[in-house]
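Subject: Structure handover

Hello,

Here is the structure I said I would pass on. Please open it next to this email and look up each residue as you read.

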Amino acid sequence: MSEKAMLLSGWADEAGVITAVCHARPDGDAAGCVTAVVSYLRECRGKDAVMILPESVPETLGFVFGGNTPLTASSEPQAARDRLARTDLLICLDFNTFSRTEGLEDALRSCPGRKVLIDHHEAPDIQSFDLCFSDTQVSSACELLYRLLLEMPDIRGDASRLPALAAAALMTGMTTDTNNFANSVFPGTLQMASELLAAGVDRKAIIDHLYFCERPNRLAAQGEMLSQRMKLLPCGAAVTVLRKDFFERHALLDGETEGFVNLPLTVAQVRLSILAREEDGRFRVSVRSKAGVSARELATGFLHGGGHEQASGGKILIPEDVPSPADAEAWLESVTARFMREKYSVQ
Ligand code: 5GP
Ligand code: MN
């Protein structure tokens, strides 16, 4: 057992109230790792452990929580604040700075308990935490947490000792963050998958939930996006802007455009895909790239965001970046073309 894992284990023993938290707009990795750590702490250590999500997850991801209901700060802000104010041990997962939790940032910073970070993004804000487990050479926060849980004295390297819910949640988060083993797969990722499978995780059920439970609306929206909204630029980038009317026309639910940004990358000459979704007063932007082009540099340099080398995100602000939503597409195309020209010398 590493010294850091021992320290964390001791802090868990000492803590009365433990809270796990992830980033805003939680994805499969975020929801998976908060579920797994809370399930482990409750079932194996008998702790009072609760997960707080800054916002709810898309309906299709709800299965990951099993019987455990998270406390969602956007719908129960006071309950979330009260819990954080009496938390002895705060476990922060799948984000590198408190600002990624958006509305929860202040409450997290002022939490009186010890603060632990378990994350796989670059440049963690280590000053804000008492203990950091940070590694970018893993598929997901779930993979990093899996390694850490295996070190715990009651698990002792045997994945079959993990609660079934924790094991399934870890498999889920790893699966979504790798886009089902398409990106960020390391030897340890496959080892984790193998061990969890051997421990009895029902991977088929997870895949069914994640990829075979869509509504037809999503498919129709994908058709419109690919045939009418996506612009292939000569510089090897694809730019897609989805305005509010698009979401209304297809009656899309929260999170139903998840994965759309990956589609343009199936085209050979596309090395960078940017997808902007209109919200009130801004656009949320997802950026994905093939090796050799940095999604992160585009997100950091132009979109008030960041993330991983090949998968990043950010925002287009109105009126700071563009005077009105109607101007977003032209602006994004010109910023992207400039980025590709200046950074990679392509016209
Ligand atoms: P997605 O496109 O799936 O929303 O985000 C992909 C990745 O980009 C996330 O896992 C996260 O690392 C990063 N990311 C997304 N949005 C933001 C943002 O607003 N700020 C920063 N710093 N990173 C972001
Ligand atoms: Mn992640």
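This is a predicted model: local features need pLDDT of at least 70, side-chain atom pairs count only at pLDDT 80 or more; totals for chains, interfaces and linings use all residues.

Metal site

Start with the manganese ion, which is ligand 2. Its donors are D29 (OD), D94 (OD), H120 (NE2) and D177 (OD), at 2.1 to 2.4 Å. Along the chain, these donors follow the spacing D-x64-D-x25-H-x56-D. D94 is in the loop between β4 (89-93) and α4 (105-109), while D177 belongs to helix α6 (residues 164-177), so this pair ties together parts that are 83 residues apart in sequence. Is D94 buried or exposed? Its relative accessible area is 2%, and buried means under 20%, so D94 counts as buried.

Ligand 1

Around ligand 1 there are 13 residues, and the closest are H121, S286, R288, S312 and G313. Three strands, β10 (282-289), β11 (306-307) and β12 (311-317), each supply at least two residues of this shell. Which strand gives the most to the shell? That is β12, with five residues.

H121 has a polar side-chain atom 2.7 Å from an oxygen atom of ligand 1. Two further contacts come from the backbone. In G306, a backbone N or O atom lies 3.1 Å from a nitrogen atom of the ligand. In G313, a backbone N or O atom lies 3.1 Å from an oxygen atom of the ligand. On its own, ligand 1 has 500 Å² of accessible area, and the protein covers 80% of that.

Aromatic side chains

A pair of aromatic rings is described by the distance of the centres and the angle of the planes. With ring centres required to lie within 6.5 Å, the count comes to five aromatic pairs. One of the pairs is F246 with F247: the ring centres are 5.7 Å apart and the planes are at 80°, so the pair is edge-to-face. Both F246 and F247 are buried. Elsewhere in the list of aromatic residues, F95, F98 and F129 form one cluster.

Two charged residues also lie over ring faces. K4 is over the face of F133, at 5.0 Å from the ring centre. R271 is over the face of Y344, at 5.9 Å from the ring centre.

Regards

Technical notes. Residues are numbered from 1 along each chain as its sequence is written. Chains are lettered from A and ligands numbered from 1 in the order in which they are written. Side-chain values use heavy atoms; hydrogens and water are left out. Donors are N, O and S atoms within 2.8 Å of the metal (3.2 Å for Na, K and Ca); water is not among the atoms, so sites may look incomplete. Helices (H or I, at least four residues) and strands (E, at least two) are DSSP runs, numbered from the N terminus. Buried means under 20% relative accessible area, exposed over 50%, partly exposed in between (1.4 Å probe, protein chains only). Rings of Phe, Tyr and Trp (its six-membered ring) pair if their centres lie within 6.5 Å; planes under 30 degrees apart count as stacked, over 60 as edge-to-face and the rest as tilted. A charge sits over a ring if NZ of Lys or CZ of Arg is within 6 Å of the ring centre and within 35 degrees of the ring normal. A residue is near a molecule or strand if one of its heavy atoms lies within 4 Å of it. A polar contact is a pair of N or O atoms within 3.5 Å; within protein, one must be able to donate a hydrogen and the other to accept it, and residues adjacent in sequence count only if both atoms are side-chain atoms. Accessible areas come from the Shrake-Rupley method with a 1.4 Å probe; for residues, only the protein chains shown count as cover.
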